[in-house]
Amino acid sequence: MILGTVKGTIVSTRKCSNLVGFKLLLIAPYYGDKSNIFVAADTIGAGIGELVLITTDNTTQYALDKSAPIDAFVVGIVDAPPQEIK
Amino acid sequence: MILGTVKGTIVSTRKCSNLVGFKLLLIAPYYGDKSNIFVAADTIGAGIGELVLITTDNTTQYALDKSAPIDAFVVGIVDAPPQEIK
Amino acid sequence: MILGTVKGTIVSTRKCSNLVGFKLLLIAPYYGDKSNIFVAADTIGAGIGELVLITTDNTTQYALDKSAPIDAFVVGIVDAPPQEIK
Amino acid sequence: MILGTVKGTIVSTRKCSNLVGFKLLLIAPYYGDKSNIFVAADTIGAGIGELVLITTDNTTQYALDKSAPIDAFVVGIVDAPPQEIK
Amino acid sequence: MILGTVKGTIVSTRKCSNLVGFKLLLIAPYYGDKSNIFVAADTIGAGIGELVLITTDNTTQYALDKSAPIDAFVVGIVDAPPQEIK
């Protein structure tokens, strides 16, 4: 999974019907190139600036009540910034 | 999902039968390396220059009426350019 | 999907039985780093130098008559080089 | 699969219910860019500093007792650092 | 699919039970960045230094007798180094 920081939201009025009800978050990767912002769907309620854990590709489906065309999904809000050993 | 800008269309006369009926759009990533243009299928009717939301890999299938060999699909047209906090 | 140019073929005598019958093409990406050549399976009959459209990962399976361990498949031959707006 | 070194753990109190029971490890790739740290779920009990083998995307599911939104999973602890021929 | 050269093997004593019986090969990409070594499972019997064809992600499953948490699998041994047109 990827650690990322919530940088904002996007709004799409014309969208697939099974995307209705998801918040669409702009996510900057916490590690690697932070400019590679992507969009993750969220139902947990992550706020701007929070650090979140995201799963990708088809594994998103196992977090959903029913299938949806979502390749990145917020599966957790991280309690504290990670501390990696060197 | 990926935010991208519609840069054009491509035409393929000899193609898989289950690709018939999809518009094939050239998409430049909005974030990251904009020269990494790829092709996404579309049924919403996104126009040249519009900003779209794209899902990838097998999750495209959840936006389709029936399965098709499509690894990038336009799932929404974005209302306004994203505003990311710094 | 990815646009790529057919650069050659490869031959593999010792291979999985369900790869028999596919042509294995060397493909150079049309956009991005052209040196990142990969192999795509083909049944359409794309020739050397032709520009093709390729789908990846598990979505290849929707173009096949029966499942095969193929993560890149030629789903169309492109009629003309793409013209992207700037 | 990817070889990676365990660099720490992360804690997420608010998370998907089917992530409960997995240890969430920070993993630095052994090959390639070691700064591209990602998170893998673990049930084997890999410790900090250990070298592990990770599978990704939907193939993680074949190592689980039941489906979970996990796109990277520790499938083995490597006995000794790899020795690649030049 | 990816062309790669077999650079060695890895041994993992503590591993998922459904990885037992697979040889785990270190693979260097033939094209692109050769330092990005990864691990592929093998049952064909590829030897050190041989050039192999590898499929990735969930498509590996179509080469297996039963599902296993493997995201890269050797599906063929290539007869001769590829000759790409310029």
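Residues are numbered from 1 along each chain as its sequence is written, and chains are lettered from A, with ligands numbered from 1, in the order in which they are written. Because the model is predicted, local features need pLDDT of at least 70 and side-chain atom pairs count only at pLDDT 80 or more, while totals for chains, interfaces and linings use all residues, and side-chain values use heavy atoms, with hydrogens and water left out.

Contact here means heavy atoms within 4.5 Å. By this rule 32 residues of chain A are in contact with 27 residues of chain B, whereas the contact of chain A with chain D takes 27 residues from chain A and 32 residues from chain D. The size of an interface is often given as the accessible area lost when the parts come together; the buried area used here is the accessible area (1.4 Å probe) that two parts lose on being put together, summed over both. The table sets out the area values.

| Chains | Buried area | Share on carbon and sulfur atoms |
|---|---|---|
| Chain A and chain B | about 2200 Å² | 58% |
| Chain A and chain D | about 2200 Å² | 58% |

On the chain A side of the interface with chain D, the residues that lose the most area are Met1(A), Tyr62(A) and Ile85(A), which together account for 31% of what that side buries.

A salt bridge is taken as a side-chain nitrogen of Lys or Arg within 4 Å of a carboxyl oxygen of Asp or Glu, and the rule finds 0 of them between chain A and chain B and 0 between chain A and chain D. Polar contacts are pairs of N or O atoms within 3.5 Å, where within protein one atom must be able to donate a hydrogen and the other to accept it, and where residues adjacent in sequence count only if both atoms are side-chain atoms. There are 15 residue pairs in polar contact (both at pLDDT 80 or more) across the interface of chain A and chain B.

The elements giving two or more residues to the side of chain A that touches chain B are strands E1 (2–9), E2 (14–15), E3 (23–29) and E4 (38–42) of chain A. By class, this side that touches chain B has 16 nonpolar, 11 polar and 5 charged residues, where Ala, Val, Leu, Ile, Met, Phe, Trp, Tyr, Cys and Pro count as nonpolar, Asp, Glu, Lys and Arg as charged, and the others, Gly among them, as polar.

Between chain A and chain D the count is likewise 15 residue pairs in polar contact (both at pLDDT 80 or more). Here the elements of chain A that give two or more residues to the side touching chain D are strand E5 (51–56) and strand E6 (72–77), and the residues of that side divide into 14 nonpolar, 8 polar and 5 charged.

**Strand pairing across the chains**

Two strands pair if DSSP finds at least two bridges between them. E2(A) is joined by 2 bridges to strand E6 (residues 72–77) of chain B, and the two run antiparallel; in this pairing Arg14(A) stands opposite Ile77(B). With chain D, E6(A) is joined by 2 bridges, again antiparallel, to strand E2 (residues 14–15) of chain D, and the bridge partner of Ile77(A) is Arg14(D).

**Relation between the copies**

Copies are superposed by least squares on the C-alpha atoms of residues with pLDDT of at least 70 in both. Chain A can be laid on chain B with an RMSD of 0.0 Å by a turn of 72° and a shift of 0.0 Å along the axis, and the two copies are thus related as by a five-fold rotation axis. In chain A, the C-alpha nearest this axis belongs to Asn58(A), 5.1 Å from it. The copies use different surfaces, as 6% of the contact residues of chain A recur in chain B.

How values were computed
Helix = DSSP H or I, 4+ residues; strand = E, 2+ residues; numbered from the N terminus.
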